[in-house]
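Here are my notes on this model, point by point. Please read them with the structure open.

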Amino acid sequence: MIEDLYIQKFGRSPEVIAQAPGRLEFIGNHTDYNGGPVLGVAVDRRVSVALAARSDRQACFRSASMEGEVCVDIDSFAPLSGNESWANYPLGVLKELISAGMPIPHGFDMLVDSDLPAGAGLSSSAAFELASGYGYCGLYEFELDRADMARVGRRAENNFVGMPCGILDQGVSAFGDVNSLVKIDCEKELFSRLTLPDDVHFWVFNTAKKHSLVDSLYGTRHQECMEAHRRMQAPLPQAQNLAQISTAQLSEHQDLLGDVLYRRALHISGECERVLAVESALGKGDMATVGELLFESHESSRVNFENSIPELDILVDALKESQHVWGARLTGGGFGGAVMAVTNGQFGQADAEKIVAAYQEKFGQAATFFHTTTGPGASQGQLSAT
Ligand code: GLA
């Protein structure tokens, strides 16, 4: 338990604990920063933090999985680098909350623990941001609603960590719930929940591969989307973002974009259309159609957005051939990470092992997998009574 670990690490009890789940991107790949819709799921694995006040003005961070401590002065801190950079997530959130008016009369000691596999594309970074946000609000008695907490997390990532991400990861970690998908209208920043049909299961197949340029490739895709929108403004001045441009309009003005930008834009408009189609199929309990749309999404990533890698494609291909699988696709930014498979309850351990055997045969190394269900969104936790 994080409280016991806190005592081991800091020699006293925490005053506040908080937790936030990781997320799966169900569908709506790279639509968020383009102002489109996206669907995500909060999983039943999370990042937890525990905090207690210090009498000085230092902020000190320790991790359950690492030795050492990172400390900064709360009145003057800047992004950290090297092996201290993991503390940029809670530091970025601290900076945003101070800007939002949170008073910090004293420093704190924070411990972080997590049962989210790192690098599996489940956005442990957003979970860390949201857990820290709820932790600080508990410690400093500051209130923010869920939507603002998600926005604070995203701004921390954009401004302090330096990733130009959209609101998907933080929004899903904030608004997730059991048996629910979170729908985000990223243009208006509206968050809602859709009920999942019964007997829907999630399996995550982790390639443990991460493209060495993953952060810069994400930035490149972001720029390509902005450029495609800029070029489309000549014929479509009313379109405020790429998500407002349909696949038919793109095809009509393909010559303005050229091959690469056309395919990038086609992925975004296709994903926006698929999100709405998935929502409608879910409403009818039509998981077969949902599954087809998930496979289409992956194919568009592979061909148009080029954010898949062969390791992800092999997993998706094997899942396509497997019984009891509705659909599968890469989840999150891409260029490595994990595949999400959506299955019925009959898909089991033996089926999952066959999928990784196909992977092992091709790549000579293992992919890991786990079953996960939906879980609750970020919150402050209850300290156990002493
Ligand atoms: C990452 C980002 C999100 C989103 C996805 C792709 O997870 O953090 O904001 O852009 O990639 O959909």
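1. Conventions. Helices (H or I, at least four residues) and strands (E, at least two) are DSSP runs, numbered from the N terminus. The model is predicted: local features need pLDDT of at least 70, side-chain atom pairs count only at pLDDT 80 or more, and totals for chains, interfaces and linings use all residues. Residue numbers run from 1 along each chain as its sequence is written, and side-chain values use heavy atoms, with hydrogens and water left out.

2. Phe335. This residue sits in the loop between strand S9 (325–331) and strand S10 (336–343). Phe335 has a positive phi of about 60° and is not a glycine. Most residues other than glycine have a negative phi. Phe335 counts as buried because its relative accessibility is 4%. Buried means under 20% relative accessible area, exposed over 50%, and partly exposed in between (1.4 Å probe, protein chains only).

3. Asp199. Here too phi is positive, at about 60°, in a residue that is not a glycine. Asp199 belongs to the loop between strand S7 (190–195) and S8. Its relative accessibility is 47%, so Asp199 counts as partly exposed.

4. His201. Strand S8 (residues 201–210) holds His201. With 22% relative accessibility, His201 is classed as partly exposed. From His201 to Phe295 the separation is 94 residues in sequence and 16 Å in space, C-alpha to C-alpha.

5. Which residues come nearest to the ligand? Of the 14 residues around the ligand, they are Glu25, His30, Asp32, Asp169 and Tyr218. A residue is near a molecule or strand if one of its heavy atoms lies within 4 Å of it. A side-chain N or O atom of Glu25 is 2.4 Å from an oxygen atom of the ligand. For a polar side-chain atom of Asp32, the distance to a ligand oxygen atom is 2.5 Å. For a side-chain N or O atom of Tyr218, the distance to an oxygen atom of the ligand is 2.6 Å. The protein buries 94% of the 310 Å² that the ligand exposes when taken alone. Those areas come from the Shrake-Rupley method with a 1.4 Å probe; for residues, only the protein chains shown count as cover.

6. Ligand shell. Strand S1 (16–27) and helix H5 (168–175) are the elements that give two or more residues to the shell around the ligand. By type, the shell has four nonpolar, six polar and four charged residues. Here Ala, Val, Leu, Ile, Met, Phe, Trp, Tyr, Cys and Pro count as nonpolar, Asp, Glu, Lys and Arg as charged, and the others, Gly among them, as polar. Domain 1 (2–197) and domain 2 (201–372) each supply at least three shell residues. The domain bounds come from an automatic or database domain assignment.

7. Core. The largest nonpolar core has 79 residues. Such a core is a set of buried Ala, Val, Leu, Ile, Met, Phe, Trp, Tyr and Cys residues joined through side-chain atoms within 4.5 Å. Residues with the most contacts inside this core include Phe26, Phe108 and Phe202. Helix H3 (residues 124–140) contributes the largest share, nine residues. The core lies between domain 1 (2–197) and domain 2 (201–372), because both give residues to it.

8. His298. Helix H9 (residues 287–305) contains His298. His298 is buried, at 3% relative accessible area. The side chains of His298 and Ser308 are joined by a polar contact of 3.5 Å. A polar contact is a pair of N or O atoms within 3.5 Å; within protein, one must be able to donate a hydrogen and the other to accept it, and residues adjacent in sequence count only if both atoms are side-chain atoms.
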